[in-house]
Amino acid sequence: MASTSGGAQGKGATTDKYRVSYINNAIGGIWNCVGVRVVNRNQTKDSFECTVSNVATLPAGNYTESNTSWLWGSDYDRKVSRSFLVVVSDNGDGTGSVQGVAYYS
């Protein structure tokens with residue numbers, strides 16, 4: 001992970017870039033993700049992009065905390081988000097692309 005700090009510019013934010021690969025037992029498939037975590041005094045935010053080996057259990061569409069029964073856990077530290085938007089695209093070959101943003105208290 002690479003970290004930078006916005007403190008010297010007076011922004012008070014810390015940024016960490018991350019890369020992770022794992023088997024997602026809850027949703028399914030192998031996930032390969034890159035993301036950026038931004039932490040400031042008001043909130044923590046993850047922005048991420050993933051390639052998923054199997055979208056059979058995660059159909060293409062937009063998912064938020066208000067239209068799904070599941071929670072989003074951070075790829076950075078596994079914290080559960082307070083809000084999220086996850087956009088899933090079907091690549092047409094059984095794999096999928098996932099882009100999203102999640103906020104943590």
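Reply: Trp 31 has a relative accessibility of 0% and therefore counts as buried, a term that stands for under 20% relative accessible area, with over 50% called exposed and the range in between partly exposed (1.4 Å probe, protein chains only). The model is a predicted one, in which local features need pLDDT of at least 70 and side-chain atom pairs pLDDT 80 or more, while totals for chains, interfaces and linings use all residues. Residues are numbered from 1 along each chain as its sequence is written, and side-chain values use heavy atoms, without hydrogens and water.

Across the whole structure there are eight aromatic pairs; rings of Phe, Tyr and Trp (its six-membered ring) pair if their centres lie within 6.5 Å, and planes under 30 degrees apart count as stacked, over 60 as edge-to-face and the rest as tilted. Trp 31 and Trp 72 make a tilted pair, 6.2 Å centre to centre with 55° between the planes. Trp 31 belongs to strand β3 (residues 30–39) and Trp 72 to the loop between β5 (61–64) and β6 (83–90), so their pair ties together parts 41 residues apart in sequence. Strands here are DSSP runs (E, at least two residues), numbered from the N terminus. Trp 72 is likewise buried, at 5% relative accessibility.

Tyr 63 and Trp 70 also form a tilted pair, their ring centres being 5.4 Å apart and their planes at 40°. Tyr 63 is buried at 14% relative accessibility, whereas Trp 70 is partly exposed at 24%.

Methods
Helix = DSSP H or I, 4+ residues; strand = E, 2+ residues; numbered from the N terminus.
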